[in-house]
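Here is a short briefing to read with the model open beside you. Take a look at the structure, then work through the topics below.

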Amino acid sequence: MYKWNRRAAFLFALLAGAAAAQNHYSGVGRPATPAEIAAWDIDVRADFTGLPKGSGTVAQGQDLWDRKCASCHGFFGESNEVFPPVIGGTKPEDVKRGRVASLVESNDQRTTMMKLSRISTLWDYIRRAMPWNEPKSLSVDEVYAVTAYILNMAELVPADYTLNDRNIRDAQAKLPNRDGLRPFPGLSDVRGKPDVKNTACMKDCIKGEARIVSSYPASARDTHGNLAEQNRLVGPVRGVVTIAGAAKSGTVVASAGSALVRKHGCQLCHGITSRVVGPSLREIGQRYAGDVGAAARLVATVRAGGSGNWGNIPMPPQLAIAQGDIESMVLWLLSGAF
Amino acid sequence: MIASSRGRGMSETDYKGVKHGNGRVAVPPVEAGTSAGTRPPAGRLRRAPESFLSAQQIAEVQAGRRGFLRKALVAASASLSVPALAQGTGAHNGDPAILELPAHSRTLGLPVAERGYGLPSQFEKNLARRESPGLTRVAAASVSFAPLQGLFGIITPSGLHFERHHQGWHDIDPVGHRLMVMGLVKQPKVYTMDDLMRLPSVSRMHFIECGANTGMEWGNVAVPTVQYTHGMLSCSEFTGVPLKVLLDDCGVDMKRARFVLAEGADGASLTRTIPMDRVLDDVLVAWGMNGEMLRPENGYPLRLVVPGVQGVSWVKWLRRIEVGDQPFETREEVLHYVDMMPDGVARQYTWTQECKSVITTPSGGQHLLDRGQYNVSGLAWSGRGRIRRVDVSFDGGRNWRTARLEGPTLTKCLTRFNIDWVWDGGPAILQSRAIDSTGYVQPRAAQLRAVRGTRSIYHNNAIQSWQVDASGEVRNVQVE
């Protein structure tokens with residue numbers, strides 16, 4: 001986002017006929033209006049250009065988090081079930097140093113807070129893309145609040161903290177990995193100099209025979225399905241049969257219900273047969289088998305959201321899914337036909 | 001012992017092991033000068049029935065339906081040896097595929113326009129985009145890989161183009177789609193698709209490769225086939241207007257403009273920074289792909305094309321271009337698509353896709369049908385320019401021969417290479433090594449690791465090794 005006043009002033013000057021249009025192509029395109037630019041120009045740069053005025057407290061953020069974020073990220077930002085964890089892996093010494101030691105010392109899952117070098121990036125991303133199933137639904141103050149709560153969970157700010165557009169620079173100065181990035185022109189410039197050099201040796205380039213240091217294990221041949229079904233039926237080669245007696249591909253016809261479950265991303269939280277965040281679809285079907293009123297209750301729960309039936313993590317309301325789709329999915333999971 | 005490799009220039013009748021036109025198959029002689037000691041006896045490999053029969057067919061054979069066995073074996077005739085054919089038919093008159101006229105030669109075919117939009121043959125279903133199990137947990141923020149193991153030439157069929165979405169894909173109505181150009185310009189503007197498609201367009205063939213392609217293999221072998229090692233790679237002819245034309249149209253402030261931000265219209269509204277030197281060089285705002293509009297999964301109706309640069313910068317469903325004087329430090333530039341170095345600091349803005357190649361036939365998870373002639377075929381590409389040369393090794397990198405490059409060899413585009421090889425039944429390790437127009441030679445994995453360690457995830461352009469064992473099975477391996 002750029003200096004708004006200058007841009008607006010220019011536009012008004014243009015509309016007043018004071019400035020000639022830059023058009024090289026007559027009749028193509030039109031000036032963007034100030035309201036249109038404001039609606040789309042939502043990016044926030046590392047120097048906080050584009051950051052709107054506003055504020056939010058840790059307490060407000062916690063309330064939002066528990067309702068809209070915890071189902072994927074866990075109540076403490078620690079969940080590794082759906083997405084990599086947001087919180088974890090940082091120490092007070094990292095905050096002093098500006099570099100996260102565990103990035104070097106351990107091979108554990110890298111969390112967002114271990115990697116995050118720009119608070120602007122976190123703010124910008126929450127505003128444009130979160131929550132996962134309702135992006136851009138948070139107000140500016142809500143984005144400040146959620147950001148404040150994330151900083152609190154990472155033990156960077158106290159529980160009574162309020163984050164706003166004026167003190168966000170202080171938060172940047174506390175990020176554990178704030179000095180964790182460096183440019184490398186060799187791989188960004190059009191004519192950058194490479195960092196790795198090989199030569200085109202043609203004969204006797206290694207002594208003796210090539211030594212294999214890593215090999216796809218025979219015991220894992222079937223991890224990617226039956227490779228025979230991933231290769232053409234004619235030609236110089238065939239795919240290796242990795243699953244004996246596997247069904248021919250394409251013979252499994254997914255029902256409309258399962259297709260809808262996939263379309264609407266339900267498996268983000270509900271596996272077909274395994275628990276992810278919420279119960280598996282199979283166990284829901286089993287619990288309510290033979291229950292005459294279950295279908296209507298489940299349709300209402302999917303629509304309005306709920307918690308307490310299977311655990312404490314709430315299922316968020318599903319406002320964007322057509323009623324018919326919810327009904328088809330509920331009937332399918334109650335049928336147990338999967 | 002490593003399989004022998006033959007020089008170029010053999011005559012047409014020299015292709016060892018390839019069936020000639022009379023329906024009889026000569027058993028290929030053992031090649032002189034190779035190591036008979038470590039090889040299985042001469043003759044065609046006889047695959048177990050599971051290799052070409054379905055489970056149902058096997059069940060029918062087991063149930064004693066001998067006639068069915070014959071039919072099924074004939075259906076798999078490409079891999080058939082003479083003894084097997086004789087077993088099935090008990091006759092030596094010739095190939096039933098010739099002697100018994102098939103239905104398609106004796107009946108009326110389908111009319112024109114039976115399919116308003118044509119589809120591949122029903123026999124080609126095996127070549128499909130696939131996810132790599134366990135790689136991602138959410139299908140809307142995942143990857144599907146292109147089946148490179150079955151593709152020819154350099155153009156990826158649009159329906160097989162790899163996918164990478166950050167928050168799912170949409171099929172956007174082009175009538176309502178808008179592109180806004182703003183920031184350091186004299187006149188911020190809005191363009192409809194109608195507007196854009198009236199501008200002077202160009203068509204260019206370019207590869208697109210995800211920065212994380214081959215990323216699972218930084219530390220060790222992790223996936224079985226070339227679809228999963230290299231399938232975040234595709235190549236198309238893109239049609240659109242150079243971004244420079246739009247920036248000129250808006251009166252870009254060239255004194256201050258250093259970078260542009262590209263933003264998508266999807267839920268993620270994914271954003272990436274593109275430097276002005278690339279914008280002025282060859283960046284396109286594209287709507288066309290391989291003669292038709294972009295596919296929805298690839299950004300319909302509008303995407304950015306940034307030749308030579310990792311795929312995440314080719315923003316799909318493009319809605320906004322903002323001209324600025326600094327990089328924008330977006331999520332995909334701070335938290336992801338950065339290269340973790342051994343000291344724990346991540347390199348930022350490493351978007352060039354360096355020179356790389358891979359043999360696609362034969363490749364991991366395949367098996368050779370028998371000994372003899374093979375056209376070893378693969379792809380080479382470079383984000384810095386054209387492919388100048390590709391060398392192929394059959395002994396794990398000890399000795400190399402230069403492959404044929406099939407034209408055209410275009411800048412920042414896939415190049416197909418081929419080389420003849422006679423497999424003598426001995427073990428072999430196949431590798432390819434590309435050299436681009438800057439003279440850069442594709443590195444070995446050990447050379448990459450010596451500089452960047454093993455935690456980088458992104459930008460792995462190491463030489464790929466495929467091991468062929470005595471049974472003809474090809475396996476993904478890494479050599480020292």
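This is a predicted model: local features need pLDDT of at least 70, side-chain atom pairs count only at pLDDT 80 or more; totals for chains, interfaces and linings use all residues.

Residues are numbered from 1 along each chain as its sequence is written, chains are lettered from A and ligands numbered from 1 in the order in which they are written, and side-chain values use heavy atoms, with hydrogens and water left out.

**Strand β21 of chain B**

- Strand β21 covers residues 415–423 of chain B, and nine of its nine residues are buried, so the strand is largely enclosed by the rest of the structure.
- Buried here means under 20% relative accessible area, exposed means over 50%, and partly exposed lies in between (1.4 Å probe, protein chains only).
- Helices (H or I, at least four residues) and strands (E, at least two) are DSSP runs, numbered from the N terminus.
- One side of β21(B) carries B:T415, B:F417, B:I419, B:W421 and B:W423, the other B:R416, B:N418, B:D420 and B:V422, and both faces are covered.

**Its partners**

- Strand β17 (residues 372–381) of chain B runs antiparallel to β21(B), joined by nine bridges; pairing requires that DSSP finds at least two bridges between two strands.
- In β21(B), B:D420 has B:N375 standing opposite.
- Strand β20 (residues 404–406) of chain B also pairs with β21(B) in the antiparallel sense, over three bridges.
- Opposite B:R416 in β21(B) stands B:E406.

**Cavities**

- There are eight cavities of 30 Å³ or more.
- A cavity is a set of points, on a 1 Å grid over the protein atoms alone, where a 1.4 Å probe fits but cannot get out; lining residues have an atom within 4 Å of a point.
- Grid points are joined across faces, edges and corners, and a volume is the space filled by probe spheres set on the points.
- The largest cavity holds about 220 Å³ of space.
- Its lining has 20 residues, and those nearest the centre are B:R164, B:R303, B:G311, B:V312 and B:K316.

**One exposed residue**

- B:Q122 sits in the loop between α5 (103–106) and β1 (143–144) of chain B.
- With 55% relative accessibility, B:Q122 counts as exposed.
- From B:Q122 to B:H336 is 214 residues in sequence and 40 Å in space, C-alpha to C-alpha.

**Chain A**

- Chain A contains 13 helices and six strands.
- Of its 338 residues, 45% count as buried.

Key:
On a 1 Å grid over the protein atoms alone, a cavity is a set of points where a 1.4 Å probe fits but cannot get out, and a pocket is an open set with protein on both sides within 12 Å along at least five of seven lines; lining residues have an atom within 4 Å of a point.
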